[in-house]
Amino acid sequence: MTDTRTLVIEREIPHPAEKVWRALSQGHLVAEWLLPNDFRPDVGHRFTLRAPPMPQWDGVVHCEVLSVEALKHLSYSWTVGAMETVVTFTLTPTAQGVHLRMEQSGFRPDQDANYKGANYGWQRFLANLEKLVAGLE
């Protein structure tokens with residue numbers, strides 16, 4: 001078996017888990033902080049995320065919902081070309097709000113550039129998520 005790498009980014013978000021969960025699980029909100037999509041939080045649902053096309057990439061991320069536990073856990077596959085990874089969000093309530101753990105697992109050793117790109121991208125996406133959650137009622 002090939003050793004793989006996992007990208008982990010954790011954030012403390014000073015808002016209730018319900019608000020963060022809405023931003024993670026409602027497609028129209030996901031589009032505001034991540035990418036346009038046809039997401040639904042239903043296990044087995046296949047969906048796409050759409051970024052602007054770039055050289056060597058059509059901008060489409062193919063995904064499938066793997067697991068959903070409302071207010072606690074969401075996981076989906078993330079496939080771009082031959083790169084197949086899994087994105088998992090875990091929410092843990094804290095005294096100040098919620099601890100968000102995002103991990104993207106399955107980067108092969110020959111995908112170092114993808115790993116670095118994902119780290120850059122997720123930092124931006126999660127900053128957008130925090131701004132969106134702060135503005136939710």
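Reply: The side chains of His45 and Arg40 are joined by a polar contact of 3.2 Å. A polar contact here is a pair of N or O atoms within 3.5 Å; within protein, one must be able to donate a hydrogen and the other to accept it, and residues adjacent in sequence count only if both atoms are side-chain atoms. The model is predicted: local features need pLDDT of at least 70 and side-chain atom pairs count only at pLDDT 80 or more, while totals for chains, interfaces and linings use all residues. Residues are numbered from 1 along each chain as its sequence is written, and side-chain values use heavy atoms, with hydrogens and water left out.

The side chain of His45 also reaches a backbone atom, the oxygen of Asp38, at 2.8 Å. His45 sits in the loop between H2 and strand S2 (46-50). Helices (H or I, at least four residues) and strands (E, at least two) are DSSP runs, numbered from the N terminus. With a relative accessible area of 12%, His45 counts as buried. Buried means under 20% relative accessible area, exposed over 50%, and partly exposed in between, using a 1.4 Å probe and protein chains only. Apart from neighbours within four places in sequence, His45 is in contact (heavy atoms within 4.5 Å) with Asp38, Phe39, Arg40, Cys63, Glu64 and Val65.

Gln56, in the loop between S2 and strand S3 (60-69), has a positive phi of about 75° although it is not a glycine. Gln56 is exposed, because its relative accessible area is 83%. Leu71 lies in the loop between S3 and S4, and its phi is near 70°. Leu71 is partly exposed, at a relative accessible area of 33%.

Leu71 belongs to the turn of a hairpin formed by S3 and S4, with three residues between the strands. S3 and S4 pair in the antiparallel sense over seven bridges; two strands pair if DSSP finds at least two bridges between them. Within this pairing, Ser67 stands opposite Ser75 in S4. S4 is mostly covered, with seven of its eight residues buried.

S4 (residues 73-80) is also joined to strand S5 (residues 83-93), by eight bridges, and these two strands run antiparallel. Trp78 has Thr85 as its bridge partner in S5, and Leu74 has Phe89. S4 and S5 make a hairpin with two residues between them, and Gly81 in its turn has a positive phi of about 60°. S5 in turn pairs with S6, again in the antiparallel sense, over eight bridges. Val87 stands opposite Gln104 in S6. The hairpin of S5 and S6 has four residues between the strands, and Gly97 there takes a positive phi near 160°. In a regular strand the side chains alternate between the two faces of the sheet.

Gln111 is buried, as its relative accessible area is 5%. Not counting residues up to four places away in sequence, Gln111 touches Ala82, Met83 and Gly106. The C-alpha atoms of Gln111 and Met83 are separated by 8.0 Å, and these residues are 28 residues apart along the chain.

H3 has 24 residues and reaches 35 Å from its first C-alpha to its last, close to the expected 34 Å at 1.5 Å a residue. That expected span is 1.5 Å times one less than the number of residues. Buried residues in H3 include Tyr115, Trp122 and Leu129. The buried residues of H3 pack against strand S1 (5-13), helix H1 (17-25), helix H2 (27-33), S4, S5 and S6. H1 is mostly covered, with seven of its nine residues buried; among them are Trp21 and Leu24.

The largest pocket has a volume of about 560 Å³. Of the 22 residues lining the largest pocket, the closest to its centre are Trp57, Trp78, Gly117, Ala118 and Phe125. H3 gives the most to this lining, with ten residues. On a 1 Å grid over the protein atoms alone, a pocket is an open set of points where a 1.4 Å probe fits, with protein on both sides within 12 Å along at least five of seven lines, and lining residues have an atom within 4 Å of a point. Grid points are joined across faces, edges and corners, and the volume is the space filled by probe spheres set on the points.
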